[in-house]
Amino acid sequence: MAKSSNQKAKILYLMELFLEETDEEHPISRKGIEERLEKLGIRAERKSIYNDIETLKNFGLDIEYRKEHPEGYYLAEREFELPELKLLVDAVQSSRFITQKKSDALIRKIEKLTSRYEARKLQRQVVVADRIKAMNESIYYNVDKLHSAIALNQQIIFRYFEWTVSKEIRMKKNGENYHVSPWALTWDNENYYLIGYDMDAEIIKHFRVDKMLHIELTGQDRAGREEFSRFDLARYTKRTFGMFGGNEETVRIRFHNRFVGVVIDRFGKNVALRPDGENYFIARVEVAVSEQFFGWITGLGREVQIVSPQSVVEEYRDLLEDLGEMYKQND
């Protein structure tokens, strides 16, 4: 770039210098500013630097002067504080639905929101044992398309896949398009799901976003508004275990008192609880009865028992007996 062009862009280079190179522990002196600008072929007199700093302050940059050593000017406040950026980096790094490649790219962008010195503190790995990251790179763009479809009130078509035992993709519905009116996105059990009105089945369904391919907006207005107006998304995700559907039932479960935190985490603080003796309580919850729900109950051990309704008790007992018989046969 020609020297004259650099001169015209002086205040922009100065702003970039404050954004990328300074913080409270790393101020830059007036002489240091002159030297940095000189390397760019920009003349910088003392008075012009003071005027430019004042202009940047009027523009909104919180530039302060530090008198003690190290002495100089620095950007005191930014849009994001360092603890907030650390939280964002941790969330990106630990999120299962974001691929490793996209995680790295997002973290590099987050680092640009602070000085290069503070950015070093963001270059860390959250320790998550055996973290499995998503393999479908398109999920990042799928989420954006789905948000656009919802905002524009448009239906979508897409193809949906499942994995085979040979670890290959197999299209569902023989590769035919799903035709859906998208209404909401939810993040449950480390996966993104679309909640939408299936135009063919004429019911509300959910779909794993990372298993959706070739999403297209159709330009048609969404359907299912009346059905979705009666739909409680929070209640749906709370009662559905791992987003596996089942018949909805009001179930009474007896827990040892030490599981109260587990129950509140799963069903929310408004869950109905009543004491049952000194060491137990009974929770009344609405769930989608499925093998995933029974698996959750089993994982809590011997101090948890389904009390009612009897049909759910019997269904659970039959499952346990079938499993026991299967393992007996294996022996």
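**A walk through the model**

Author: Happy to, and let's start at an exposed spot: glutamate 79 has a relative accessible area of 73%. Please keep in mind that this is a predicted model.

Reader: Where does glutamate 79 lie?

Author: Glutamate 79 belongs to the loop between β2 and α5 (82-94). Its C-alpha atom is 8.9 Å from that of threonine 114, although the two are 35 residues apart along the chain.

Reader: Let me zoom out for a second. How many helices and strands does the protein chain have?

Author: There are 13 helices and twelve strands. The chain has 331 residues, and 39% of them count as buried. Taking contacts between residues at least 6 apart in sequence, 64% join residues at least 24 apart.

Reader: OK, helices next. At what angle do the axes of α2 and α4 cross?

Author: Helix α2 (residues 10-21) and helix α4 (residues 46-59) cross at roughly 70 degrees, and their axes come within 10 Å. That angle makes α2 roughly perpendicular to α4. The crossing is right-handed.

Reader: Which residues make the contact?

Author: From α2 you have Lys10, Ile11, Leu14, Met15 and Phe18, and from α4 Ser48, Asp52, Ile53, Thr55, Leu56 and Phe59. By class, this contact of α2 with α4 has seven nonpolar, two polar and two charged residues.

Reader: And how do the axes of α2 and α3 cross?

Author: Helix α3 (residues 30-39) crosses α2 at roughly 120 degrees, with the axes coming within 11 Å. Here α2 is oblique to α3. This crossing is right-handed too.

Reader: Who makes the contact there?

Author: On the α2 side it is Lys10, Tyr13, Leu14, Leu17, Phe18 and Glu21, and on the α3 side Ile33, Arg36 and Leu37. The contact of α2 with α3 divides into six nonpolar, no polar and three charged residues.

Reader: Nice. Switching to the inside: how many residues has the largest nonpolar core?

Author: That core has 26 residues, and those with the most contacts inside it are Leu146, Ile156, Phe158, Leu194, Phe207, Val209 and Met212. Two or more residues each come from α5, α6 (100-111), α8, β3, β5 (178-188), β6 (191-198) and β8. A second, separate core of 23 residues includes Ile253, Val263, Phe267 and Val271.

Reader: Let me click on phenylalanine 158. What does it touch?

Author: Phenylalanine 158 touches Glu176, Asn177, Tyr178, Val180, Phe207, Met212, Leu213, His214 and Ile215, not counting residues up to four places away in sequence.

Reader: I see histidine 214 in that list. Is histidine 214 buried or exposed?

Author: Histidine 214 is exposed, with a relative accessible area of 52%. Its place is in strand β8 (residues 212-221).

Reader: Last topic, then: where are cis peptide bonds?

Author: One joins histidine 69 and proline 70, with omega about -5 degrees. Proline 70 lies in the loop between β1 (62-66) and β2 (72-77). Another cis peptide bond joins serine 308 and proline 309, where omega is about 0 degrees. Proline 309 is in the loop between β12 (304-308) and α13 (310-330). For background, most peptide bonds are trans.

Reader: Great, thanks for the tour!

Notes. Residues are numbered from 1 along each chain as its sequence is written. This is a predicted model: local features need pLDDT of at least 70, side-chain atom pairs count only at pLDDT 80 or more; totals for chains, interfaces and linings use all residues. Side-chain values use heavy atoms; hydrogens and water are left out. Axes are lines fitted to C-alpha atoms, for helices over the stretch in contact, and angles run from 0 to 180 degrees between N-to-C directions. Helices (H or I, at least four residues) and strands (E, at least two) are DSSP runs, numbered from the N terminus. Angles under 35 degrees count as roughly parallel, over 145 as roughly antiparallel, 65 to 115 as roughly perpendicular and the rest as oblique. A crossing is left-handed if the near helix is turned anticlockwise from the far one by less than a right angle, and right-handed if clockwise. Contact means heavy atoms within 4.5 Å. Ala, Val, Leu, Ile, Met, Phe, Trp, Tyr, Cys and Pro count as nonpolar, Asp, Glu, Lys and Arg as charged, and the others, Gly among them, as polar. Buried means under 20% relative accessible area, exposed over 50%, partly exposed in between (1.4 Å probe, protein chains only). A nonpolar core is a set of buried Ala, Val, Leu, Ile, Met, Phe, Trp, Tyr and Cys residues joined through side-chain atoms within 4.5 Å.
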